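Please find below a short note on the model.

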Amino acid sequence: KIEALKKTRAGKMAPEQTFSDVNGKPFKLSDFRGKVLYIDVWATWCVPCKKEIPYFAKVAEHYKDNPNIQLISISTDRERDHEKWRKMIKNEKFAWPQFVMKDVEDKKIVSDFNIQFIPRFIIINADGTIQNPDAPRPSEKDVIKILDDIIRQQ
């Protein structure tokens, strides 16, 4: 845990993570370099995670035309529950990219970022360094101001 905290301090290069979109296309965290990245780590079974979705949707709507920031959600649902995740994605029609991890990938992000509880929000700078490994939730009142300040600093 201490090593994970040291490796994911603000200013450190974000540990590479891999995940897939709803069609199974693989992506890496580094694919989003050049933009501030606001990441929602969640799961379909997580009630607090689901409560944050409408707030995350408002933040996504606010930034939908801003080329300097990308919002993504990464599900930690187990592989046996990926179909449940796909159904939820289809039914909810999220307006921002949705990704899911294989079990081994999930273990890596949990270990790398010392994720003990979800939802967990992470902000990565445009250069791939960590801005905040335990970022404010989208339901927090100043999240837009915080993100705007980070974007301006890039």
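The points below start with the basis of the model and then go through its parts.

1. The model is predicted: local features need pLDDT of at least 70, side-chain atom pairs count only at pLDDT 80 or more, and totals for chains, interfaces and linings use all residues. Residues are numbered from 1 along each chain as its sequence is written, and side-chain values use heavy atoms, with hydrogens and water left out.

2. The largest nonpolar core has 45 residues. Such a core is a set of buried Ala, Val, Leu, Ile, Met, Phe, Trp, Tyr and Cys residues joined through side-chain atoms within 4.5 Å; buried means under 20% relative accessible area, exposed over 50% and partly exposed in between, with a 1.4 Å probe and protein chains only. F19, Y38, I39, L71, I72 and L147 have the most contacts inside this core. At least two residues each come from β3, α2, β4, α3, β5, β6 (120-124) and α5 (143-153). Helices (H or I, at least four residues) and strands (E, at least two) are DSSP runs, numbered from the N terminus.

3. In helix α3 (residues 82-92), H82, W85, M88 and I89 are buried. They fall within an arc of 115 degrees seen down the axis of α3, so they line one face of the helix; the arc is that of the directions from the helix axis to the C-beta atoms. Their cover includes β1 (18-20), β3 (36-42), α2, β4 and β5 (98-100). K87, K90 and N91 are exposed on the face of α3 turned away from the buried side.

4. S20 is found in strand β1 and is buried, with a relative accessible area of 13%. Not counting residues up to four places away in sequence, S20 touches K25, P26, W85, Q98, F99 and V100; contact means heavy atoms within 4.5 Å.

5. The largest pocket holds about 190 Å³ of space. Of its 13 lining residues, A60, Y63, K64, Q70 and A95 are the closest to its centre. Helix α2 (47-63) and strand β4 (69-75) each supply at least two residues of this lining, which divides into 8 nonpolar, 2 polar and 3 charged residues.

6. The second largest pocket holds about 150 Å³. Its lining is V41, W45, T76, R78, D106, V110, I115, Q116, F117 and I118.

7. On terms, a pocket is an open set of points on a 1 Å grid over the protein atoms alone, where a 1.4 Å probe fits, with protein on both sides within 12 Å along at least five of seven lines; lining residues have an atom within 4 Å of a point. Grid points are joined across faces, edges and corners, and a volume is the space filled by probe spheres set on the points. Ala, Val, Leu, Ile, Met, Phe, Trp, Tyr, Cys and Pro count as nonpolar, Asp, Glu, Lys and Arg as charged, and the others, Gly among them, as polar.
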